[in-house]
Amino acid sequence: MSAIQIIPINWYILLSAVLFTIGVLGVLFRRNAIIIFMSVELMLNAVNLLLVAFSTYLSDSAGQVFVFFIMAVAAAEVAVGLAILMSVYRNTKSTDIYMLNKLKG
Amino acid sequence: MIKLVWLVPLLPLIGFMIIGFFGKKLSKGLVGTIASGAVLGAFAVSLGIFFELGGQTEKSVTIDLFSWITAGKLSIPFSFLVDPLSSLFLLIITGIGFLIHLYSIGYMHDDEGFSRFFAYLNLFVFFMLLLVLGSNYLIMFVGWEGVGLCSYLLIGFWFKNTAYNNAAKKAFIMNRIGDLGFLLGIILIFVTFGSISYNEVFEQAKHFIGDNSVITAIALLLFIGAMGKSAQLPLYTWLPDAMAGPTPVSALIHAATMVTAGIYMVSRSNILYTLSPFAMEVVAVVGVCTALFAATIGLAQNDIKKVLAYSTVSQLGYMFLALGVGAYTGAVFHVMTHAFFKALLFLGAGSVIHAMSGEQDIRKMGGLKKYIPITHLTFLLGTLAIVGFPGFSGFFSKDEILAHAWEHNKLLWFLGVLGAAMTTFYMFRLYFLTFKGSFRGTHDQEHHLHESPKSMTIPLIVLAVLSVVGGLIGIPEVLGGHHYLEAYLKPVFEDSSLRLVHHLSHETEYILMGVAISVMALAMYFAYNKYVKNKTLPANEGETLNPIHNLVYKKYLIDELYENVIMKPINFIGEALHKVVDNQIVDGIVNGFGSMVTGVSGVIRKAQSGNIGFYVFVMVISIVLILFTQLF
């Protein structure tokens, strides 16, 4: 029995839920685009945590493969997202997303 | 020749096409030649058909041209039926049509609508020929509507005049009322017999056993159509107004041919009427009432064409009386003689109006005898023919009708004779006031008086000759003659005549004839006494007349009655429906849909604020809600 398995699965689930909720609330209530971005990452990682936890408990390596996959995609997404942020900042001299209401009809 | 029957309607149609499309580019002489030539050609073919049919034993020939409508059980070929009845009508239509075309060349010479006039006239002849030639009710209906259209176009020929346009509309709408009855009649025929072709329908009708109420219904519905087209009570008021059209039109359409379509239709369907005594009774009563009613109005009119118009209505009444008492041959005979003398009288009136520079009021005429001798003489012959002077064409046909009326019902005979007396009186009143005495018009008019050109007088002379001798083909047996017409038409009315027995002793016939002649002579004497000897003139406009005279002069106020009893309520209902149903309900529903969409979208639009944070919030809340509902 490894060290991970000593801690009950419920705790992992709880931690993951808390992290995810923090991420969601961050996305909802923060105005700074960078923080929102970080909150999104937090949500992704909450899911990753859950995946590896279950993968270990169920002794199924597919979950870990998934996590790597998500990390790779998230890295790509961050690259694109940060590039967009840079361009937004150049245009508005701000990272406040409420400045970005130009599409409103 | 019978195989060439399709040429008869085709020629006027081609004439119409040429004149209609290229009329403006052609010279007047060419237009007149094409139009008259087309009708003359049709007349030549009709003449050939007439004699060929008289010579051969097969009396009813159907010429199939092409299959017209095929749908389920219904199959209607476009085919023509050549039999004695249609061939006789062909002759009347094309013969008189040709003379009137010829006359129109002179009469319409200075009119700017010259080519338009001839185009319409040719189109009319085409539709009229279609009407009489069709071998089923549908083709007849097409012709029936077509002549109505041409009548409308020609009454409103001078369309810049509002009154003329109204007259045209009146004619069209009145006819529509009748046409509805006719159409329903055709539908009922199809439902009852499963066919609308004459041959099949009449063959089945002959062997029809059982309840004949459906036949009565068919006969009455068809008769409603005839009432409209042939101007019978109560749908006659359009015909006097139709005199707004050029005079040749009045002569051709509203006296000689189109208005007799109703008589043609009833005599074509004679077997249906014979099977329904009630329908025949209705036809006879409507006919005699119209004959009397219109004759009384004719007594008091002062417009030369109006008198002739009411006279036409009255004579059409006689024809229906004849049909109603089963004298089908008599009716067709009277159609023919009437076509001769009424066309003559109208054309004569046109010649008088031409000479009088457009004046139509007989109070302003008088003494025209010496200025326009040919018109005078032909008009006199026409008058003698219509009043039934012994030996003239009208005498024989009217006598035949009255004899049959006597046989059927003495009262009908008495009313018929009364109407004939009035006819004599107003026709001689018209004649005396126009041609006898001294001239009462203005000096300018007197200076301008002249006889009409040859193209107008020649048709008058030809028609006058026909009016005089036209009766010879139907001299009754009792006068030692041979009724050629009856023999010729016998195959058409054979089945009916088997059912209607005629027996009248020679003595009775002599007496009836004597009574008719003496009544006519008496009426003639009264007219002479009043208008020549005492030189009475009809009252001028605005003079007070005694109440009855005034009522008759105002045409019994029938137009006003229709206006108040039918038109005003309909207009009122229309107005009310427009205001309530249209403006409130229909518009309300349509506008309601519009404002509902605007209103609802106004509410929904608020959700689309453009605030992404809000969108995400809603998304999260929704997902949470979905998860909760799934979990618990």
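**Note on the predicted model**

1. A:Ser59 sits in the loop between helix H3 (33-57) and helix H4 (62-92) of chain A. The model is a predicted one, and in it the phi of A:Ser59 is near 55 degrees, a positive value in a residue other than glycine. A:Ser59 counts as exposed because 8 C-beta neighbours lie inside 10 Å, where the cut-off for exposed is 12 or fewer.

2. A:Lys93 lies in the segment after H4 of chain A. Its phi is also positive, near 55 degrees, and A:Lys93 is not a glycine. A:Lys93 is exposed, with 9 other C-beta atoms within 10 Å.

3. In chain B, strand S1 (residues 61-71) and strand S2 (residues 74-82) run antiparallel and are joined by nine bridges. B:Ile69 has B:Ile76 of S2(B) as its bridge partner. The two strands form a hairpin with two residues between them, and B:Gly72 in the turn has a positive phi of about 60 degrees.

4. Helix H2 (residues 28-55) and helix H4 (residues 114-133) of chain B have axes that come within 9 Å and cross at roughly 10 degrees. H2(B) and H4(B) are therefore roughly parallel to each other. Residues of H2(B) in the contact include B:Val31, B:Ala35, B:Ala38 and B:Ala42, and those of H4(B) include B:Phe118, B:Leu121, B:Val125 and B:Leu129. By class, the contact has ten nonpolar residues, three polar and one charged.

5. The largest nonpolar core holds 205 residues; B:Phe124, B:Met128, B:Leu129, B:Val283, B:Leu321 and B:Ala343 touch the most other members. Leaving out residues up to four places away in sequence, B:Val283 touches B:Phe223, B:Val266, B:Tyr273, B:Phe320, B:Leu323 and B:Gly324. Another core, of five residues, lies apart from the largest one, with A:Val27, A:Ala33, A:Ile36 and A:Phe37 among its members.

6. B:Leu222 belongs to helix H8 (residues 213-229) of chain B. B:Leu222 counts as buried because 27 C-beta neighbours lie inside 10 Å, against a cut-off of 20 or more. Its C-alpha atom is separated by 8.0 Å from that of B:Leu184, 38 residues apart along the chain. Beyond its neighbours within four places in sequence, B:Leu222 is in contact with B:Phe182, B:Gly185, B:Met265 and B:Ser269.

7. The peptide bond from B:Leu233 to B:Pro234 is cis, with omega near 0 degrees. B:Pro234 is placed in the loop between H8 and helix H9 (238-241) of chain B.

Note on methods:
Residues are numbered from 1 along each chain as its sequence is written. Chains are lettered from A and ligands numbered from 1 in the order in which they are written. This is a predicted model: local features need pLDDT of at least 70, side-chain atom pairs count only at pLDDT 80 or more; totals for chains, interfaces and linings use all residues. Two strands pair if DSSP finds at least two bridges between them. Helices (H or I, at least four residues) and strands (E, at least two) are DSSP runs, numbered from the N terminus. A nonpolar core is a set of buried Ala, Val, Leu, Ile, Met, Phe, Trp, Tyr and Cys residues joined through C-beta atoms within 7 Å. Two residues are in contact if their C-beta atoms, placed from the backbone, lie within 7 Å. Axes are lines fitted to C-alpha atoms, for helices over the stretch in contact, and angles run from 0 to 180 degrees between N-to-C directions. Angles under 35 degrees count as roughly parallel, over 145 as roughly antiparallel, 65 to 115 as roughly perpendicular and the rest as oblique. Ala, Val, Leu, Ile, Met, Phe, Trp, Tyr, Cys and Pro count as nonpolar, Asp, Glu, Lys and Arg as charged, and the others, Gly among them, as polar.
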